[in-house]
Amino acid sequence: MKKLSIFLASLAVLVGFSSCEDKKEPTYQNPTSFELNTPELQDQYYQLTEGNTFEIVCKSQPNYGYSAVTYYSAEVSLTDDFAECSTLKNGNSTSSRMTFNDADLALAICSLMGLTSDDEGYVFTSPVKVYFRGKAYLDGVEGSEITSSNVVSLNQVMPYFAVPSPGYIWLVGQPEGWAGPSAANIKHYEPWRLFEDDDAIGSAVYHGTFTIDAGTAMFRFYTSMTDWDTDSYGTQEEDNPIEFDFDGNTFNNPLVKGKGSFSFPNWAGGQMQQTVDMANMEVTFVAL
């Protein structure tokens, strides 16, 4: 009986020790490597097409010491030493089965080749070889980024000319004359566009300066030339203008998706510099 008691006590100690071991918190460790699979399309002719996607899949994943939400992307280059490279955004950022847009790869290739808007009309006559390496990291964990230990390639990629250019929107109303947002009026609205800055493509912040006669400043903004009801932005959803006093040199106001126009009955006339920030949904107008 005494021996049985000693045995049971020893067993309890071992179980307790094992239980403590099981409750240890996972410990972060710096990963040493991860690999990419050879793409199925590696040696196939691949025509890039806007709207299409392709995959680069991880063969193994970084070991961070515990099950962690890992973010994946890829770098692309025209040389296997990646002396110059661009980053491609993974369509599902936390998936090791990475999905990329053909359009993004076309942009990257043109950028790496040094093509600019001045080369408009450039035609690719033969496919190019494109190299990829993976990148992985943990959000908010400094030093967790790691590059794949191997490089893979697509050997016959046929690109198309794709160079980013500043986006633009349209001013509709006075002073342009309320011609109406439609495909038929595209030419009419060419002088009434607000553009992104060349160094801020994709920012959705648009600028324009227009001469507006006294007492005639009433307008809103459109992101497409489709019809009156689509893609209109102004002061409110309802199709009624809201009047404001243009006191001093600067006017600031929220921007709302809708057909309510900005109206300035006391506008003194002259040039109005307009900034339409669609990222933060606000406008700034300055009297010059």
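**View 1. The largest pocket of the predicted model and its lining**. The largest pocket holds about 220 Å³ of space, a volume being the space filled by probe spheres set on grid points joined across faces, edges and corners. A pocket is an open set of points on a 1 Å grid over the protein atoms alone where a 1.4 Å probe fits, with protein on both sides within 12 Å along at least five of seven lines; lining residues have an atom within 4 Å of a point. Strand β2 (residues 53–57) gives the largest share of this lining, four residues; strands (E, at least two residues) and helices (H or I, at least four) are DSSP runs numbered from the N terminus. Among the lining residues are N37, E40, F54, R97 and L154.

**View 2. The second largest pocket, lined in part by β4 and α2**. Its volume is about 170 Å³. Helix α2 (102–112) supplies the largest share of the lining, four residues, and β4 (86–88) supplies at least two. The lining includes S86, K89, D104 and P164.

**View 3. Cysteines C58 and C85**. A disulfide is a pair of cysteine sulfur atoms within 2.5 Å, and the count comes to zero. The sulfur of C58 lies 17 Å from the closest cysteine sulfur, in C85, too far for a bond. For C85, the closest cysteine sulfur is in C110, at 17 Å, likewise too far.

**Notes.** Residues are numbered from 1 along each chain as its sequence is written. In this predicted model, local features need pLDDT of at least 70 and side-chain atom pairs count only at pLDDT 80 or more, while totals for chains, interfaces and linings use all residues; side-chain values use heavy atoms, without hydrogens and water.
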